[in-house]
Amino acid sequence: NFIGKGWYRRTVTIPEKWEGRRVFICFGGVYRSAKVWVNGRFAGSHIGYGSDFEFDISSCAAPGCPCEVVVLVDSEQYEDEDALRGCMDIIDYLFTFWGGIWSHVILQARSPAWLQDLFVEPHRAPAGCIITAMVQGESRRARSVRVDISDADGVHVASKRQNVGAEGRVRVEMDLPNARLWTPETPNLYTANVVLNDGANAALDQAQTRFGLRTIEIRDASFYVNGVKYFLNGYGDDCVYPDTIAPPPDKQFYIDRLRVAKSYGFNYARHHSHFVAPEYYEACDEVGMFVSPELPTAYPRFYDRAKEAALKLYESEWTALLKRYRNHPSIFDWCMSNELWEGIPLLAPDLYRIAKELDPTRPVIDSDGIYPEGFTDGTKDRPTMDFFTVMFNILATPINTPDKFKTKKPLKPIITHEEGNYVHFPQLD
């Protein structure tokens, strides 16, 4: 329950073979904010506990020499610049404060030009994908990319070579005939390997990501996955980790946990106001579980404290999280908040636009948790809700309120919000 500053210090040796390359230090996640020094020189600072971040330390980390890294982590929340509040903050009457480096820290060597923001946008009919990325650094040195796609067994599926576009933009359209689609019932995965080459066809950089071919569509009041009507049978996850407090960076931990959930018939998990460790989404991709992560924007009483800098942090965290996780087929939708009943003042239109620009493959909603009145007849519909997440009266069960779920046909799909097990009959088998 300590709130304050903690120091990390570690000395490593930069490999000699990194001579002539740029050196970056990359942090997977720090709660809540961090300042970093390398060999006594300030490298940079970061606020936003859900996003990853990096610093170029080439000028103070010489190959073959010791490199002392010092990190100051501050677990205190300064709401004038950081109003993020969600289940990873252990809200809802527990408020057990914690802090620290909660994901991996790595050193990385890069060529003068490298790939960033790799995104695979899947298509079902015809089967294929669009691969995009940006060349960073000395982008003029990059001339072409080669894309190779393989299946989960490592069998080669497709290849294509293409020139790098203006301003370092990479865009490659790939056909994948006879590709196996991804669903929670059939979690088929592929790997895209992208190699960046210079004018002499020598490799400058390589980036890799897994992805799945699946589409999510909304038709009237139903969801369609890969063109087939799909029913979400979900549960809620409030980021409860008694042993570690922070979500552990351990894929096998999540695989074991998700297999239990699947054995009960679940195919969907809603994550109350938090994003989890990258290893969690890798496990969801492999096991087959749709998930709905949420920006840590819980309840109006916390959001209303955000002014200027804090509002900008909501936007920057949203952008960073979408870029970080958008290649995972298991992510069903992007959600901006928990129980901001009337939507997010000021930010919702911009956050919705950002989501659709960065990832046009998924639904987007501004809040998980709205009241049912006005959403079936459209009087309270809003353009930043692709579907409705309705909190019916949670104190009334269908036993004593037989008409509880009798509504007009909704204009959009409805997912019930924190409704216990009264939504539909359980699968007792």
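Visitor: Which residue in β11 does histidine 123 stand opposite?
Guide: This is a predicted model. Histidine 123 has its opposite number in β11, a strand that spans residues 128-137. That residue is glycine 128.

Visitor: Through how many residues does a hairpin join β10 to β11?
Guide: Strand β10 covers residues 113-123 and pairs with β11 in the antiparallel sense, over 9 bridges. The link from β10 to β11 is a hairpin, and the number of residues in it is 4.

Visitor: Which residue is the bridge partner of methionine 134 in β14?
Guide: β11 also pairs with β14, which holds residues 169-175; this pairing is antiparallel and has 7 bridges. Within β14, the partner of methionine 134 is arginine 169.

Visitor: Is α1 parallel or oblique to α2?
Guide: Helix α1 runs over residues 251-263 and helix α2 over residues 278-287, and their axes come within 8 Å. The axes cross at roughly 45°. Angles under 35 degrees would count as roughly parallel and 65 to 115 as roughly perpendicular, so α1 is placed in the remaining class relative to α2. That class is oblique.

Visitor: Is the crossing of α1 and α2 left-handed or right-handed?
Guide: The two axes cross at roughly 45°. The hand of this crossing is right-handed.

Visitor: How many charged residues does the contact of α1 with α2 have?
Guide: On α1 the contact includes Lys251, Arg259 and Lys262, and on α2 it includes Glu279, Glu282 and Glu286. Tyr254, Ile255 and Leu258 of α1 also take part, as do Tyr280, Ala283, Cys284 and Val287 of α2. By class there are 7 nonpolar residues and no polar ones, and the number of charged residues is 6.

Conventions
Residues are numbered from 1 along each chain as its sequence is written. This is a predicted model: local features need pLDDT of at least 70, side-chain atom pairs count only at pLDDT 80 or more; totals for chains, interfaces and linings use all residues. Side-chain values use heavy atoms; hydrogens and water are left out. Axes are lines fitted to C-alpha atoms, for helices over the stretch in contact, and angles run from 0 to 180 degrees between N-to-C directions. Helices (H or I, at least four residues) and strands (E, at least two) are DSSP runs, numbered from the N terminus. Angles under 35 degrees count as roughly parallel, over 145 as roughly antiparallel, 65 to 115 as roughly perpendicular and the rest as oblique. A crossing is left-handed if the near helix is turned anticlockwise from the far one by less than a right angle, and right-handed if clockwise. Contact means heavy atoms within 4.5 Å. Ala, Val, Leu, Ile, Met, Phe, Trp, Tyr, Cys and Pro count as nonpolar, Asp, Glu, Lys and Arg as charged, and the others, Gly among them, as polar. Two strands pair if DSSP finds at least two bridges between them.
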